[in-house]
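Thanks for coming, everyone. I have one chain to walk you through today. Please take a look at it before I start.

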Amino acid sequence: MLDLINKLLDDPDFKSNVKCTKKFYRANEKILGQGKSREYIFLVKSGKIQISISSDKKDDTYLHPGVAILGPGETFGEFGLFDESLLACADALAMTDCELLCIDIKTFRAYLNSHQEIGYAVVSEIFRMFIKH
């Protein structure tokens with residue numbers, strides 16, 4: 001996904017139509033909350049992010065702390081591309097000080113809809129990532 005995003009960041013049409021911002025998070029700062037609305041797809045530029053899922057169960061049987069630890073070049077929040085009503089399915093917490101590239105989901109979705117060949121490549125890459133893990 002990193003190579004694809006880097007190519008997009010060099011595309012003048014992408015730059016002018018998709019909102020991207022760099023954000024910095026301190027260690028132990030929450031980036032994304034499970035069950036909360038989401039606005040961005042995140043690309044980790046530096047640092048480590050812990051992705052975890054909490055259970056609503058009364059006992060801890062289904063608690064899964066630390067589903068994944070992501071580092072530079074990895075992404076999260078991609079499901080937001082498929083359905084804007086979807087809420088975040090996991091928590092994301094900065095394990096270390098981090099720099100993230102935050103790609104606005106609405107403007108990215110509009111860009112992909114108008115550039116279908118790139119949209120297909122992005123969707124294919126997202127599915128490849130999930131199949132690998």
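**A walk through the chain**

Let's begin at R26: at 59% relative accessibility, R26 counts as exposed. Here, exposed means over 50% relative accessible area, buried means under 20%, and partly exposed is in between, with a 1.4 Å probe and protein chains only.

Some ground rules. This is a predicted model, where local features need pLDDT of at least 70, side-chain atom pairs count only at pLDDT 80 or more, and totals for chains, interfaces and linings use all residues. Residues are numbered from 1 along each chain as its sequence is written, and side-chain values use heavy atoms, with hydrogens and water left out.

Back to R26. R26 sits in the loop between strand 1 and strand 2. Strands are DSSP runs of E with at least two residues, helices are runs of H or I with at least four, and both are numbered from the N terminus. What does R26 touch, leaving aside its neighbours within four places in sequence? The contacts of R26 are A94, T96 and D97. Contact means heavy atoms within 4.5 Å. R26 and D91 are 65 residues apart along the chain, and their C-alpha atoms are separated by 15 Å.

N28 lies in the loop between strand 1 (20-25) and strand 2 (30-32). N28 is not a glycine, yet its phi is positive, at about 75 degrees. Most residues other than glycine have a negative phi. N28 counts as exposed, at 62% relative accessibility.

Now the overall layout. How many helices and strands does the chain have? The count is four helices and eight strands. From the N terminus on, the order is α-α-β-β-β-β-β-β-β-β-α-α. The radius of gyration is 15 Å, close to the 14 Å that the globule rule gives for 133 residues, so the chain is as compact as a globular protein of that length. That radius is taken over C-alpha atoms, and the rule is 2.2 Å times the number of residues to the power 0.38. Along its principal axes, the C-alpha trace spans about 50 × 30 × 25 Å.

Next, contacts and surface. Take the contacts in the chain with a separation of 6 or more: residues 24 or more positions apart account for 81% of them. Of the 133 residues, 40% count as buried. The accessible surface comes to about 8200 Å², and 54% of that belongs to carbon and sulfur atoms. These areas come from the Shrake-Rupley method with a 1.4 Å probe, and for residues only the protein chains shown count as cover.

On to the next loop. Q34 lies between strand 2 and strand 3 (40-46). Is Q34 buried or partly exposed? Q34 is partly exposed, with a relative accessible area of 27%. Not counting residues up to four places away in sequence, Q34 touches S52, I53, S54, A88, C89, A90 and D91. The C-alpha atoms of Q34 and A92 are separated by 8.1 Å, although the two are 58 residues apart along the chain.

How many disulfides does the structure hold? The number is zero. A disulfide is a pair of cysteine sulfur atoms within 2.5 Å. For C89, the nearest cysteine sulfur is that of C102, 17 Å away. C89 is partly exposed, at 45% relative accessible area. C102 is buried, at 0%.

Last stop, helix 4. Q116 is found in helix 4. Q116 counts as exposed, at 60% relative accessibility. Q116 and L8 are 108 residues apart in sequence, and 13 Å apart C-alpha to C-alpha.

F130 is also placed in helix 4, which covers residues 116-132. F130 counts as partly exposed, at 39% relative accessibility. Leaving out residues up to four places away in sequence, F130 touches E78 and F79.
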